[in-house]
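Reader: I would like to learn how to read a model like this one. Please start with the overall layout and then go into detail.

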Amino acid sequence: MEVPFNNSTGKNSEDVSPPTGEGVVMDIGTGDGRFAYRTARENPNRFFIGIDANAKPLEKISMKATRKIQKGGAPNLLFVQAAIEDLPEEFDSAADEVHIHFPWGSLLQTVLAGEATVLQSLRRMCAPEALLEIIVGIDPERDRSEIERLGLADLSSEYLANSLIPKYESAGFEMIESGLLDSHEWARLETSWARKLRGNEGRRVIFLIFRAV
């Protein structure tokens, strides 16, 4: 069940059209919303939607986004409470970019397993030629219990090339680029999880970029 969390224009939605001239960007598993908020403030001509099944961490930043722009508001930002498997129909073909940064728990499990229902949902929300960026950071030692609990596969080059990427391609995505992110590059993401990871040299941060076809 999807629940719109806030309309950050702070006005009646019938009175104001969201600024979408440069595209719509969706942040899946937005967490505390820091990435969506910062990038919305930096890109006022794009419309950002932060999506998470848990609305509690979004309460403070959601209220901040409703302020006047001069006081930190972001009229081009909307937060929605929804699970990735059950996204609103209004999102169909709406996204020009989709980001999934440092997913955890069930979101991490489904993304790394390439579950068909999740990939279908992701493809459904993508406009033609939309970009999908996935960034995952796992430490085999520190995250051992979570890896075992979720039954996560070893993210080897072989697994990515022979199992995971083909599943995304079958779902309607074309692989554009993949690789490892250095720790100094995590800062650009401006997420609370990325900040916690700084200095953790044992953690492999993998990025995957696809294009909807």
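Author: Start with the count of elements. The chain has seven helices and eight strands. Keep in mind that this is a predicted model.

Reader: How much of the chain counts as buried?

Author: Of its 213 residues, 47% count as buried.

Reader: Now the strands. Which strands pair with β5?

Author: Read a sheet by its bridges. Strand β2 (residues 24-28) pairs with β5 in the parallel sense, over four bridges. On the other pairing, six bridges join β5 to β6, and these two also run parallel. D27 has H99 in β5 as its bridge partner. I100 stands opposite I134 in β6.

Reader: Is β5 mostly covered or mostly open?

Author: Mostly covered. Strand β5 spans residues 95-101, and six of its seven residues are buried.

Reader: What should I expect of side chains along a strand?

Author: In a regular strand, they alternate between the two faces of the sheet.

Reader: Let me try one residue. Where does I206 sit, in which element?

Author: I206 belongs to strand β8, which covers residues 204-212.

Reader: Why does I206 count as buried?

Author: Compare its accessibility with the cut-off. Buried means under 20% relative accessible area. I206 has 6% relative accessibility, so it counts as buried.

Reader: Which residues does I206 touch?

Author: Leave out residues up to four places away in sequence. Then I206 touches I134, I135, V136, L155, L160, G179 and L180. Take I134 from that list. I134 is 72 residues from I206 along the chain, yet their C-alpha atoms are separated by 8.1 Å. I134 is also the residue opposite I100.

Reader: Next, aromatic rings. How many aromatic pairs does the whole structure hold?

Author: A search finds three. For each pair, check two values: the distance between ring centres and the angle between planes. Y168 and F210 have ring centres 4.7 Å apart and planes at 10 degrees, so this pair is stacked. The pair links distant parts of the chain: Y168 is in helix α6 (residues 157-170) and F210 in strand β8, 42 residues apart. Both Y168 and F210 are buried.

Reader: Why is the pair of F173 and F210 edge-to-face?

Author: Look at the angle. Planes over 60 degrees apart count as edge-to-face. The F173 and F210 planes stand at 65 degrees, with ring centres 6.3 Å apart, so the pair is edge-to-face. F173 lies in strand β7 (residues 173-180) and F210 in β8, so the pair ties together parts 37 residues apart in sequence. F173 is buried, as is F210.

Reader: What do these ring pairs link into a cluster?

Author: They link Y168, F173 and F210.

Reader: What classes of residue make up the lining of the second largest pocket?

Author: Eight are nonpolar, one is polar and four are charged.

Key:
Residues are numbered from 1 along each chain as its sequence is written. This is a predicted model: local features need pLDDT of at least 70, side-chain atom pairs count only at pLDDT 80 or more; totals for chains, interfaces and linings use all residues. Side-chain values use heavy atoms; hydrogens and water are left out. Buried means under 20% relative accessible area, exposed over 50%, partly exposed in between (1.4 Å probe, protein chains only). Contact means heavy atoms within 4.5 Å. Rings of Phe, Tyr and Trp (its six-membered ring) pair if their centres lie within 6.5 Å; planes under 30 degrees apart count as stacked, over 60 as edge-to-face and the rest as tilted. Ala, Val, Leu, Ile, Met, Phe, Trp, Tyr, Cys and Pro count as nonpolar, Asp, Glu, Lys and Arg as charged, and the others, Gly among them, as polar. Two strands pair if DSSP finds at least two bridges between them.
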